[in-house]
Structures are given as structure tokens and as C-alpha cells.
Amino acid sequence: QVQLVESGGGLVQPGGSLRLSCAPSGRTFSSYAMGWFRQAPGKERAFVASIRWIGGMTYYADSVKGRFAISRDNAKNTVYLQMNSLRPEDTAVYYCAAQKTYYGGTYYYWRGDQYDYWGQGTQVTVSS
């Protein structure tokens, strides 16, 4: 059973920064891409960012472009989400997800149903 473990969440003031990490625990596995999603209270889960392991192509939601950066460390099999200039509206539980395989065609990186494994989530609260 693959488990993804997120870390790095917490309470930060507006304008501050946090870096989230995600790594698999248990058995090793290979995946095509990793993504970050978030869910704020009373709202649906929303795409934040994703990255392909090979080539490192990245994708971002419009709401975080220019403020967040997703990166990967292939040797550590770890994905990071650097979050800068945080706003109160960034407050949410952040989830890491892994997509096992891409079969070609349109790449629906923003759709949660394209991902096969999920972490338990880490709370990010932006408040003064």
C-alpha cells in the first residue's frame, strides 16, 4: 500500500512563506506526476500545482501563479511546494497526490480523479 506523507504546514502571517513536502512511506513506487490540491472549509477540493517526474514540467492554478513553486527531488522521491506571499484565502488543508500513469491525449493535470494516491493532508492557516 502506497502512502503519501505531507509535512510543513502550520500557521503563518499574511505575506509569509511555508514549504510543504510530500514523500511516500512504505514501499517505493514510481509515478508519472505529483500534484498538490487544497480544500478550504465549506469549499470543494481545488487544484494547486503539479509536476511531472520526467522533464519537470509544472502546472499551476491561476490563483497561485507567481507565488507558489512546485519542485521535485528525484533522488529523494520527494515533491515540494514553496508558498510565498501567503494570503488568508490560501488557508486550507493541502493534499499531496500521485498519478501513476499517463496514457496520452489531453493531460488533465487539474483533475483529482487523474491521481491514484493521496496523502492525509496538512493544515495551512494564514492569519494575523
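**View 1. The largest nonpolar core.** In this predicted model, the largest nonpolar core has 36 residues, and Leu 4, Met 34, Trp 36, Leu 81, Met 83 and Tyr 94 touch the most other members. A nonpolar core here is a set of buried Ala, Val, Leu, Ile, Met, Phe, Trp, Tyr and Cys residues joined through side-chain atoms within 4.5 Å, and buried is under 20% relative accessible area (1.4 Å probe, protein chains only). Elements giving two or more residues to this core include β3 (18–25), β4 (33–39), β8 (78–83) and β9 (92–99). The top contributor is β9, with 5 residues. Strands are DSSP E runs of at least two residues, numbered from the N terminus.

**View 2. Around Leu 4.** Skip the neighbours within four places in sequence, and Leu 4 is in contact (heavy atoms within 4.5 Å) with residues including Cys 22, Phe 29, Met 34, Cys 96, Tyr 117 and Trp 118.

**View 3. The four-stranded open sheet.** The order is β1-β3-β8-β7, with antiparallel pairing; two strands pair if DSSP finds at least two bridges between them. Because β1 (3–7) and β7 sit at the edges with a single partner strand each, one side of each has no neighbour in the sheet.

View 4. Ser 71 stands opposite Tyr 80, and Ile 70 stands opposite Leu 81. With 4 residues between the strands, the hairpin has Asn 77 at a positive phi near 55°.

**Notes.** Residues are numbered from 1 along each chain as its sequence is written. Local features need pLDDT of at least 70, side-chain atom pairs count only at pLDDT 80 or more, totals for chains, interfaces and linings use all residues, and side-chain values use heavy atoms, leaving out hydrogens and water.

Definitions and conventions:
Buried < 20%, exposed > 50% of the residue type's maximum accessible area, 1.4 Å probe, protein only.
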